[in-house]
Structure formats: C-alpha cells, structure tokens
Amino acid sequence: EDSIAVKAVHGHCDLEGLPVATQGYQVLTLVQALRVRADVLLVVENLESLRFLERNRWIDYEGKAVLAVFRGDRTFRADIVARFIESSGATVWAYFDFDPAGLGMSAKLPRLQRILLPPEAALVHAARKANQVHLYADQAGQWSRTLTADKRPMVRSPWELLMQLRIG
C-alpha cells in the first residue's frame, strides 16, 4: 500500500548516500522516496515506459539529477504517488502518452515545468504510424475543456497538434 516505483534517469540521485537504481526500477516507501535527493521529479504515465526510459535518447535532462517516478496504478497506488509529488517540493516534468488523457493528466501535475515529447516531426510520424484514432475520439470529450482552458505553451502547443491530427 505504501510503494512508489522510481529510478534515477540522469545525474546523481541518492537516498541517504546510497544510489537509486538506474536500470529497471526500485520500490520505495513514501517516507523513503521523500528522502531521495533529486533536482527534478519526472512523472511517467506507464510502468513499461519507466523501465526503459533510457532508450529515449532525445530527452534532454538539462544536466539535472532527475528521479523518474511511476504515476501509479492498482499496484502502486496513485494517491500515494500524488502525495509524494505534492510533498517533495521538487520541480516536476511529465512523460505521458501523446493523447488527450496523457496531456490532461500532465497539465494537472503540481509545479509542472516541462512536458517531455519527442521533436514534433518524430511525434507526428509516430502518431500517424500508430494510428490510434480511438485514443483521440474516446478522450477528447473528457479532456477538451481542461486542455483548451490551459494557456501555458507547453500544454497549448501539443493540444493544438492533437486536435489537428485527431490521433494519439
């Protein structure tokens, strides 16, 4: 019930002098996670994406110590992860699916500084290749009001692209 999946994806993140896992992920309690030293929390939507985050060579970590944290599910409770994110005080970056729900959940994160997406040409190519029309169709109604109301360029630009492509 008190488990948070994390990994150090860049720089040196440590828990009382011990390094945080950089491969796969490790599971910490809320209290332990709050004691990890890191500049940035990178909230990741999918556990599989967290496990293999290092494959995304396009990500610029800006020289910061970045601790990736899985946003939670039925096993790793999302409410515990939300408490961790809220209590940590660290800058937050988001790595979510390119669909209305992913963008909407990213936009709601506290202290959000960046939403990580590949370069636009690569993103468009991947979206068209995946052709997940249902992701847009099923989610746009629920998230449209939230995303349209958000005026931050980091949310507005990908939302406009999603509306143009109509696929996730």
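**Figure 1. A cavity inside the predicted model.** This predicted model holds one cavity of 30 Å³ or more. Rolling a probe the size of a water molecule over the atoms shows where empty space is left. The space in the largest cavity comes to about 40 Å³. Around it you can look for Phe-96, Asp-97, Phe-98, Leu-103, Ser-106, Ile-115 and Leu-117, which form the lining of the largest cavity. Sorted by class, this cavity lining has five nonpolar residues, one polar residue and one charged residue.

Figure 2. Which helix gives the most to the lining of the largest pocket? That is helix 5, residues 120-130, with five residues. By class, the lining of this pocket counts 14 nonpolar, five polar and three charged residues.

**Figure 3. The second largest pocket and its lining.** The second largest pocket has about 180 Å³ as its volume. To trace its lining, start with Val-43 and Arg-71, go on through Ala-78, Val-81, Ala-82, Ile-85 and Glu-86, and then find Phe-96, Met-105, Lys-108, Leu-109 and Pro-110. Helix 3, which spans residues 78-88, gives the most to this lining, with five residues. What does the lining of the second largest pocket look like by class? It has nine nonpolar and three charged residues, and no polar ones.

**Figure 4. Where helix 6 meets helix 7.** Our last stop is a pair of helices. Helix 6 covers residues 133-149 and helix 7 covers residues 153-165; their axes come within 12 Å and cross at roughly 145 degrees. The crossing of helix 6 and helix 7 is left-handed. On the helix 6 side, the contact is made by Tyr-136, Ser-144, Leu-147 and Thr-148, while helix 7 brings Val-155, Arg-156, Trp-159, Leu-162 and Met-163. Grouped by class, the residues in this contact between helix 6 and helix 7 are six nonpolar, two polar and one charged.

How values were computed:
Residues are numbered from 1 along each chain as its sequence is written. This is a predicted model: local features need pLDDT of at least 70, side-chain atom pairs count only at pLDDT 80 or more; totals for chains, interfaces and linings use all residues. Side-chain values use heavy atoms; hydrogens and water are left out. Helices (H or I, at least four residues) and strands (E, at least two) are DSSP runs, numbered from the N terminus. Ala, Val, Leu, Ile, Met, Phe, Trp, Tyr, Cys and Pro count as nonpolar, Asp, Glu, Lys and Arg as charged, and the others, Gly among them, as polar. On a 1 Å grid over the protein atoms alone, a cavity is a set of points where a 1.4 Å probe fits but cannot get out, and a pocket is an open set with protein on both sides within 12 Å along at least five of seven lines; lining residues have an atom within 4 Å of a point. Grid points are joined across faces, edges and corners, and a volume is the space filled by probe spheres set on the points. Axes are lines fitted to C-alpha atoms, for helices over the stretch in contact, and angles run from 0 to 180 degrees between N-to-C directions. A crossing is left-handed if the near helix is turned anticlockwise from the far one by less than a right angle, and right-handed if clockwise. Contact means heavy atoms within 4.5 Å.
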